[in-house]
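Colleague: I would like to learn how to read the main features of a model such as this one, going from strands to a pocket, then to loops and a helix. Could we take them in turn?

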Amino acid sequence: MIEETGQVVAVQGDFAWVESERSSTCGGCSVRNGCGTAALARVLGKRPVRLRVLNPVNARVHDTVVVGIAESGLVRGSLAVYIAPLAAFLCGAVAGQFVGNYFLAVGSDVAAICGAVAGLGAGFAWLRRFSRATAADASYQPVILRRQIMTGAAGDVAGRTLQHKHLEI
């Protein structure tokens, strides 16, 4: 289970909208200066990400929660989003080139381009159907695992920072 901490900003029936800051592990990496991911993280900054998640713990607005998603669902979803359209694109290009070479009077390059565009469109259409079919599948949905309660706040008027302990429920 992949976990992330966030704050509930809205509740709608069995779902909650949770906001968390985009995090990156680039600060501890030895090649961060030459990495494209680190450059992208610097450009995007720490803008919050808002997710619609299942709310089986009945979290309320302003609760700090731990959100999780199954690794298998994340991997399958990632493969569907990245691999399926690319595979359809390549299959369409090969099919277009074959049709152009053996059945049409047009050059194989034009037919390959048309086939690639058609394959990409078919890949996106399949992805849309896949997305709708898995929208209700719990293995693809992020879920609130538990609430966290902030306790033990200590500070004084001299301006010391507050220290918090996290207790997980």
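Predicted model: local features only at pLDDT ≥ 70, side-chain atom pairs only at ≥ 80, totals over all residues.

Colleague: Which way do the residues of β4 point, and are they buried or exposed?

Modeller: The general idea is that side chains in a regular strand alternate between the two faces of the sheet. In this model, Thr 64, Val 66 and Gly 68 point one way from β4, while Val 65, Val 67 and Ile 69 point the other way, and all are buried. The strand, residues 64-69, is thus mostly covered, with 6 of its 6 residues buried.

Colleague: How many bridges join β1 to β4?

Modeller: There are 6 bridges between β1, which spans residues 2-12, and β4, and the two strands run antiparallel. One of the pairs to look for is Glu 4, whose bridge partner in β4 is Val 67.

Colleague: What is the volume of the largest pocket, and which residues are the closest to its centre?

Modeller: The largest pocket has a volume of about 490 Å³, and of the 21 residues lining it, Ile 2, Glu 4, Ser 20, Leu 51 and Ile 69 are the closest to its centre. At least two lining residues come from each of β1, β2, β3 and β4, with β1 giving the largest share, 5 residues.

Colleague: Where does His 62 lie, and what is its phi?

Modeller: Most residues other than glycine have a negative phi. His 62, in the loop between β3 and β4, has a positive phi of about 80 degrees although it is not a glycine. Asn 58 lies in the loop between β3 and β4, and its phi is positive at about 55 degrees.

Colleague: Why does Asn 58 count as exposed?

Modeller: Asn 58 counts as exposed because its relative accessibility is 59%, and the cut-off is over 50%. His 62 is exposed too, with a relative accessible area of 60%.

Colleague: Which residues of α3 are buried?

Modeller: An α-helix has 3.6 residues a turn, so residues three or four places apart point the same way. In α3, the buried residues include Ala 112, Gly 115, Gly 119, Gly 123, Leu 127 and Phe 130, and what covers the buried residues of this helix includes α2. Helix α3 has 27 residues and reaches 38 Å from its first C-alpha to its last, close to the 39 Å expected.

Notes:
Residues numbered from 1 in each chain as written. Heavy atoms only, no water. Buried < 20%, exposed > 50% of the residue type's maximum accessible area, 1.4 Å probe, protein only. Helix = DSSP H or I, 4+ residues; strand = E, 2+ residues; numbered from the N terminus. Pairing = 2+ DSSP bridges. 1 Å grid on protein atoms, 1.4 Å probe; cavity = no way out; pocket = protein on both sides within 12 Å on 5 of 7 lines; lining within 4 Å. Points joined across faces, edges and corners; volume = space filled by probe spheres on them. Expected span 1.5 Å × (residues − 1). Contact = heavy atoms within 4.5 Å.
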